[in-house]
Structures are given as structure tokens and as C-alpha cells.
Amino acid sequence: MQQQSQQTARRSRSSAGRFLKRNVGIALAVTATAAVLGSAPSASAATGHSYAGSVVTDVRTVAEFDYAAGEIPENITVNLDGSVTLSLLGSCAVCERTHAPQLMRISASGHRTVLATGQVGEAISGNTRGDDGTVYYSVFAPGDAARNGVYAVRQDGTSQRIAALPAGAGPNGLAIDPAGDTLYIADSFQATIWSVPVSGGSVTPWLTDAALAPVPTEALPIGANGLRFHNGALWVSNFNQGTLLRVPLTPAGAAGPIRLVAGGLPNIDDLSFLTPWSDVVFVAQNGSSSQNGPDRIVVVYPDGTYKPVLTSADGLASPSATAVRGNRLYITNGGVPEPHDAKLQTGKINVTALLADAAH
């Protein structure tokens, strides 16, 4: 069994290396569509548009993980050097917590480096990267206020908690404001988004609202989940309520009125944008994590309409996050349902199909 596991790991590293060593540039077609697809969103939960061809093509697995050993991908940051940083839960809400979580970087050549390791019984959820290269990550330590919060990986490789959250909080998605000064934390349990200086300190409740709350009757009561700063606003997904929200920032940095971008997306997890200028969003619907919906990657357009572009037929297995680099879409899969196919996938964004018949 050990020999088989080693062979699987070697195949995974080789597969990741073959793909990740390829340089991916910003596709000219993607950049050219920014103005077309950058209009302000409106509140809408309706699906629409009929698109010709596949929006995401050449879908393949570039890294495989050992679910039984707690290698359950949850979140992803694609770095400027072509590497990716992954949060590995070490456990999940529907399985026994017997393995410690990890924060892992996979280089462009496929080499794997563990940046941080948590403790058995907790999970590493969100991660993000500052302009100075500092990596931040969330640790959900239920019942342990001495561990619960946000950590930073220092230049010497050590990790330090920079923001404590109460034991009842559920730190999840992370985002840094455009100025690079403030870190925002999605609390999946307390209907709150916290803020804290990137240098660390006491957290402040930046926004508390029922739109961020979980649904207590759900099997997995998770509210505010993914966070992304984009075009002057903080975008938030609510896992249980199935909503994608846009919260504008006032000149003073406070939260403006919450706007519903799209609804009707149960188990919506993390999200990413087509380009820094476009309001087209790729969201993950992590249905099989709670047996409460489909596994899908959905494109949400600026007018609030949306279209599934990948499903379980494309190999999705509890997709939890998306990331875009150039014309490539990355997808983390936790592999909760059997056969526990935990992996990192990628596909090519077909901008022609994305735009076909779109009235934006």
C-alpha cells in the first residue's frame, strides 16, 4: 500500500509539473472584452443566454491529493510566478477530524512545499497573498480561542497568528483591500466580515448583516464564505443562502449598501473574476460537500444572469474555489463523495463562447 501511495504521489507531481511549468500569459481576447463585460451588476437570480460552444475547454487534472491523509483542497491563490498556494483542510465537516491541515505551495515545476501545518481537530480554510509576498491563511479551530483566527507566513518561513477570533467564529475567506493595508475575514458562523490591519492587531466587525448569516437548519450551517475585492467593492458569497453579493466601499472605507448580484446558487463557495476589469465571475457550487445540490462551476454575468460551464461530468468533485490566471481557470476539488477524488483541475477559458449571444 505504501509503494502504491508513493507511485501515485510521483504521478501526481509529474502531472503537475508538466502543466504548471508552462507559462500562461494574459490572453489578448480576454483583455479586449474587459470593457464589454465590466458593466455594473443588477440584482437578479434568473438564468439566461444561450451560448455556443464550451466556455471552459481542455479540462484536466494537474495535481492529485490523498483524501484519506487529509489532503482536501479548499482554497487557492495563483501566484505571479505561476505557482499556486492551496489550503488543505486536513478534515472536513462531514468526516472525522484525524489529520492536521496544511498550507501547501505547488511550484511551476510541480514541486510541493508545505508552508504551514495546523493541529489535528482544526482546518485551514481561506488563503491570500499580500503585495509584499506575505501569505495569509485562516485557521478554524472550533472551541479553541487560542488558535482560532488568521495567520501570516513570515519571510523566515515561520507562521504567526496576527488576528484572534472568538472560539465561536468560523474564519473562512480572506481578502486584502486594494491599498494593501487591511485584511478582511469572512466569518461563516456569525454573519460578520471582520477587518484587521495586515500587520495584525484586534479585529473590528466591518459588516454584520442577515445577508451574511448561515441557515441554521442546513446540514452545514455556513454563511459568508468567499471574499474578493474587485472594482471598488468587496464581493461575498453566502454558502447556505446561495447568493453572490457586492458591498461597495465608501470613501472612508466603510461598507456601503449590500447589492444582490445573483441568487439561486445553493452551496456557492469561493469565486474569482475573468480579469481585474471585468465583472464576470467564476463561482464554485460545492454541492456534494453537503449532498444538497449539484457540483458546478458557474459563470455569473454583470446583469446577474448565470450559466453552468462545468459539472460533475467534467470531473468536478466538491469544487470549493476558482482562480483565474490569464486564460486559465483553476478549480480546487475536495473530493468529499466516494471515490474521494481530491484534486486540482484547470481548463482553458474560451472567450468567444463566453461572449456569444451575450447582451451586455
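**Sheet and ring pairs in a predicted model**

Q: What makes β18, β19, β20 and β21 a sheet?
A: Four strands line up in the order β18-β19-β20-β21, paired antiparallel, and the sheet is open. A strand here is a DSSP run of E of at least two residues, and a helix is a run of H or I of at least four, both numbered from the N terminus. Two strands pair if DSSP finds at least two bridges between them. This is a predicted model, where local features need pLDDT of at least 70, side-chain atom pairs count only at pLDDT 80 or more, and totals for chains, interfaces and linings use all residues. Residues are numbered from 1 along each chain as its sequence is written, and side-chain values use heavy atoms, leaving out hydrogens and water.

Q: Why do β18 and β21 count as edges?
A: β18 (268-273) and β21 (306-311) each have a single partner strand, so one side of each has no neighbour in the sheet.

Q: How do you know that β18 pairs with β19?
A: Four bridges join β18 to β19 (residues 281-286). The rule asks for at least two. So the strands pair, and they run antiparallel. Leu 271 stands opposite Val 283 in β19.

Q: Why is the pair of Tyr 137 and Tyr 151 called stacked?
A: Rings of Phe, Tyr and Trp (its six-membered ring) pair if their centres lie within 6.5 Å; planes under 30 degrees apart are stacked, over 60 edge-to-face, and the rest tilted. By this rule there are five aromatic pairs. Tyr 137 and Tyr 151 have centres 5.5 Å apart and planes at 20°. That makes the pair stacked.

Q: What does the pair of Tyr 137 and Tyr 151 tie together?
A: Tyr 137 lies in β7 (residues 135-140) and Tyr 151 in β8 (residues 149-153), so the pair ties together parts 14 residues apart in sequence.

Q: Are Tyr 137 and Tyr 151 buried or exposed?
A: Tyr 137 and Tyr 151 are both buried. Buried means under 20% relative accessible area, exposed over 50%, partly exposed in between (1.4 Å probe, protein chains only).

Q: Which residues do ring pairs link into a cluster?
A: Tyr 184, Trp 206 and Phe 229.
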